[in-house]
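Here is a short briefing to read alongside the sequence and coordinates.

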There are 2 protein chains.
Amino acid sequence: MVNRTICIFAIHTKKMAKRTRIKDLLVSSDFGKQVSVMGWVRTFRNNQFIALNDGSTINNIQAVVDLNSFDESLLKRITTGAAISINGEIVESLGKGQRIEIKVNSLEILGDSDAEKFPLQPKKHSLEFLREIAHLRFRTNTFNAVFKIRHALAYAVHKFFNDKGFVYMHTPIITASDAEGAGEMFRVSTFDPDHIPRNEDGTVNYKEDFFGKATNLTVSGQLEGELAAMAFGDIYTFGPTFRAENSNTTRHLAEFWMIEPEMAFYDLNDNMDLAEELLKYLIRYAIDNCGDELEFLKNRLLEEDKQKPQTERSEFDLLTKLNFCLENNFERITYTEAVSILKNSKPNQKKQFKYLIEGWGSDLQSEHERYLVEKHFKKPVILTDYPADIKSFYMRMNEPDTEGRTTVRAMDILFPGIGEIVGGSQREERLEKLEKRMEEMHIPAEDMSWYLDTRRFGSAPHAGFGLGFERLVLFVTGMTNIRDVIPFPRTPKNAEF
Amino acid sequence: MVNRTICIFAIHTKKMAKRTRIKDLLVSSDFGKQVSVMGWVRTFRNNQFIALNDGSTINNIQAVVDLNSFDESLLKRITTGAAISINGEIVESLGKGQRIEIKVNSLEILGDSDAEKFPLQPKKHSLEFLREIAHLRFRTNTFNAVFKIRHALAYAVHKFFNDKGFVYMHTPIITASDAEGAGEMFRVSTFDPDHIPRNEDGTVNYKEDFFGKATNLTVSGQLEGELAAMAFGDIYTFGPTFRAENSNTTRHLAEFWMIEPEMAFYDLNDNMDLAEELLKYLIRYAIDNCGDELEFLKNRLLEEDKQKPQTERSEFDLLTKLNFCLENNFERITYTEAVSILKNSKPNQKKQFKYLIEGWGSDLQSEHERYLVEKHFKKPVILTDYPADIKSFYMRMNEPDTEGRTTVRAMDILFPGIGEIVGGSQREERLEKLEKRMEEMHIPAEDMSWYLDTRRFGSAPHAGFGLGFERLVLFVTGMTNIRDVIPFPRTPKNAEF
């Protein structure tokens with residue numbers, strides 16, 4: 001069988017340049033035209049109607065076979081999941097919900113799919129189940145839509161920055177530095193764990209390791225990005241970053257992608273303007289380029305909502321939520337103002353917050369961020385000027401306020417449902433202040449003299465931010481588990497595929 | 001001093017939206033217009049002429065200060081590498097080689113640069129020296145040009161595939177599988193090397209590691225890419241890949257970026273067509289969008305060549321070489337034909353090859369590839385149908401030839417000066433043949449049942465290739481050491497910055 005199929009295929013390859021993608025076909029009006037289509041069978045009804053999908057669009061083309069013209073043995077092999085090649089004529093469809101269909105002249109099975117064994121049946125599967133077969137979930141409508149939108153957003157990121165003259169920098173993945181001075185890291189090594197070279201005092205002899213020192217997976221490309229910004233002016237990174245945190249939540253991944261622009265001669269206001277412009281551009285791009293996918297996901301969410309009690313249903317549908325972010329200016333307030341709002345808020349007064357706001361100084365929790373965005377301002381919020389104590393060493397120090405409290409020029413952008421989607425700051429460009437702060441925070445300056453060099457030689461005000469790409473995709477697709485918006489999620493105890 | 005500078009800057013921030021990038025300024029004709037420019041001093045001649053660069057272009061703007069209008073103490077701080085902010089008037093330039101310049105009205109030092117200590121002086125530095133200060137080399141013309149071209153090529157990759165409807169897939173970086181069944185890998189772990197958990201028999205207990213099993217850095221996204229292609233049709237990856245090979249050469253990196261398209265319903269001819277189209281598109285894009293940078297690098301190479309004896313000089317200049325690739329169809333020949341050409345070639349007959357071609361079966365060396373491209377065909381060459389024994393398990397098996405020799409549907413694209421720039425194949429889509437070959441090559445099928453599922457459920461002919469991004473940048477920029485085309489190279493004993 002295999003040989004026969006392949007032999008037929010060999011003939012087909014000559015015509016392959018003419019294979020029409022279903023996405024193009026669905027908008028065609030060339031009735032009567034002969035076309036060749038290849039794809040995977042979604043359903044086969046009444047031994048007559050094939051719903052065929054080739055991945056180019058979430059939508060299927062209907063291919064109609066005259067059951068009398070084909071062997072029963074062939075028809076039996078048209079099962080859900082099978083790959084087939086069709087030649088046929090574009091005709092107007094009489095069926096509901098479709099404009100055109102294909103009248104099949106010839107049909108070949110490229111690859112069978114045993115209906116008894118194929119895990120994806122034409123019914124609704126749970127996202128949990130689909131996560132276990134992540135290699136096959138791409139063939140569902142939901143994940144076709146999610147990953148098409150992910151693609152569109154990634155492309156839009158590059159287009160946005162390229163059009164503005166930013167330089168895309170590939171900052172290193174393997175690094176000997178700990179950019180944030182925080183975060184648990186993955187070690188990278190070529191040591192055989194059974195034969196780790198040791199120094200005389202018994203400590204590990206990293207000089208013998210591949211890079212001659214202890215190395216990790218990067219947690220951020222920011223510090224290297226700053227080096228480049230101090231030469232190119234405007235740069236951005238878009239690459240994988242890693243956290244070895246043992247957090248099994250719907251919001252955390254051990255491996256995720258991050259976008260980190262860094263701009264010379266920018267202050268915090270410029271930084272906020274750029275971040276807001278970027279987010280709106282990306283959402284707008286998805287709306288303009290992924291209409292079918294967003295419509296599908298919107299309806300999927302509405303269906304899901306119907307299963308929930310009235311009180312737990314979403315206030316807005318997906319598209320309304322996206323448009324809502326486009327139409328509003330993001331509210332910009334300081335941490336100090338936010339604390340004051342939260343302290344006087346009803347959930348704080350009524351002790352409904354899990355973590356009550358007692359006063360100034362501690363970090364805000366997700367419940368507080370969501371209150372500000374979803375209840376108080378009812379729009380995206382940018383919080384600025386956080387207490388220095390809860391932020392990173394490289395953020396620009398403000399003068400102490402009238403009460404002697406020290407803040408830094410940080411900003412976090414908070415989105416409905418998601419919480420923090422962007423975190424950034426103006427960087428500390430003053431050498432002495434930076435060195436003092438690094439000393440206070442026990443960050444070894446000797447290992448980072450390359451970073452300090454940017455402050456020694458032609459330092460300038462500069463700023464940047466990080467946008468968690470999966471958080472963005474989560475927001476735009478309306479999915480609720482971050483494992484459903486990255487092709488092959490890496491989480492504690494899980495590195496399948 | 002620091003405070004004063006900053007205070008001045010604070011006033012400037014209000015005008016920052018109006019900062020004009022030097023790239024835009026140099027094409028402006030708004031003579032008489034007041035502009036604000038910020039950047040780094042490249043040179044300061046005669047206490048009068050500042051060559052200022054802000055990274056937006058390889059070209060500097062000349063800013064002319066009236067030395068009588070400024071304090072000597074200020075003028076002394078206009079040193080190479082200092083960051084300054086200028087307000088002034090656009091005027092026609094009387095100087096040679098520039099159309100416009102800025103007549104400076106006010107000037108502020110944003111960040112000093114101690115002339116005694118700043119490592120980049122206005123003279124030619126060796127690439128070796130610059131590699132040691134990779135955090136500052138971005139501020140040289142050569143590296144400005146190289147990384148602008150790198151950016152343009154990366155953007156063009158995304159544009160090419162997006163325009164064709166391909167889906168960008170982020171395949172995993174941390175993986176438990178060894179895609180190529182070859183290549184030394186970096187281990188990824190959160191184990192403390194001083195306290196590695198052990199099983200009762202003394203072996204490492206990977207169940208206790210972060211992912212619950214032994215994990216590595218990926219050597220290729222291909223296998224995961226195939227999973228996605230069998231759902232979306234056309235996909236590509238563009239991400240970092242890793243090889244823990246102890247090769248200290250001008251062509252190898254431990255961490256490098258790779259582009260891997262994978263297409264359902266493609267055979268090897270379609271695959272070659274796409275790869276050739278992609279390479280030509282990328283080269284064309286660089287020529288169209290990086291004229292200044294390529295011109296600079298071309299002249300740099302010509303200067304370098306002058307230092308060499310006549311016989312070692314390049315046959316073509318950089319732009320001629322690039323155009324040469326655009327104008328020629330890539331020569332497509334089988335491995336078997338190539339071996340026959342090489343066997344009868346002069347350098348083989350005269351025993352000038354280091355590795356003499358004795359007959360069919362062994363892999364070709366760089367000297368052979370270069371002979372074919374540079375001497376025999378004088379154009380890029382695509383070699384196909386290599387002996388199965390020297391290629392990977394996933395490549396589609398051909399029927400044995402008349403002499404009983406077995407080849408696979410592989411293809412390598414060879415470029416002048418570079419050798420292999422693309423490697424790809426049609427994939428083995430037939431389950432039994434693939435399983436048989438995996439068994440022969442001792443690849444454990446039980447660990448890869450997800451991969452085999454694509455052949456179990458709706459298998460279809462498909463193909464793909466890998467393009468080493470740094471090899472491409474090396475080719476387009478004419479640089480000769482791969483460490484000079486990635487921002488922060490990772491090589492044995494080197495993970496600086």
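## How the two chains meet

In this predicted model, 125 residues of chain B are in contact with 124 residues of chain A. The area buried between chain B and chain A is about 9800 Å², and carbon and sulfur atoms give 63% of that area. Within chain B, His170(B), Phe265(B) and Phe457(B) supply 9% of the area the chain buries against chain A, more than any other three residues.

**A helix pair in chain A**

- Helix H10 (residues 335-343) and helix H12 (residues 366-377) of chain A have axes that come within 11 Å and cross at roughly 75°.
- With angles of 65 to 115 degrees counted as roughly perpendicular, H10(A) and H12(A) are therefore roughly perpendicular to each other.
- H10(A) brings Ala338(A), Ile341(A) and Leu342(A) to the contact, while H12(A) brings His368(A), Tyr371(A), Leu372(A), His376(A) and Phe377(A).
- The residues of this contact of H10(A) with H12(A) divide into six nonpolar, two polar and no charged.

**An enclosed helix in chain B**

- In helix H6 (residues 222-232) of chain B, 11 of the 11 residues are buried, so the helix is largely enclosed by the rest of the structure.
- The buried residues of H6(B) include the charged Glu224(B) and Glu226(B), and among the others are Leu223(B), Leu227(B), Met230(B) and Phe232(B).
- Gly233(B) follows H6(B) and has a positive phi, near 90°.

- How many disulfides does a search of the whole structure find over all chains? The search finds zero.

**A loop residue in chain B**

- Where does Lys124(B) sit? Lys124(B) is found in the loop between strand E5 (100-111) and helix H4 (127-132) of chain B.
- Is Lys124(B) buried or exposed? At 66% relative accessibility, Lys124(B) counts as exposed.
- Lys124(B) and Gly466(B) are 342 residues apart along the chain, and their C-alpha atoms are separated by 36 Å.

Conventions. Residues are numbered from 1 along each chain as its sequence is written. Chains are lettered from A and ligands numbered from 1 in the order in which they are written. This is a predicted model: local features need pLDDT of at least 70, side-chain atom pairs count only at pLDDT 80 or more; totals for chains, interfaces and linings use all residues. Side-chain values use heavy atoms; hydrogens and water are left out. A disulfide is a pair of cysteine sulfur atoms within 2.5 Å. Helices (H or I, at least four residues) and strands (E, at least two) are DSSP runs, numbered from the N terminus. Buried means under 20% relative accessible area, exposed over 50%, partly exposed in between (1.4 Å probe, protein chains only). Axes are lines fitted to C-alpha atoms, for helices over the stretch in contact, and angles run from 0 to 180 degrees between N-to-C directions. Angles under 35 degrees count as roughly parallel, over 145 as roughly antiparallel, 65 to 115 as roughly perpendicular and the rest as oblique. Contact means heavy atoms within 4.5 Å. Buried area is the accessible area (1.4 Å probe) that two parts lose on being put together, summed over both.
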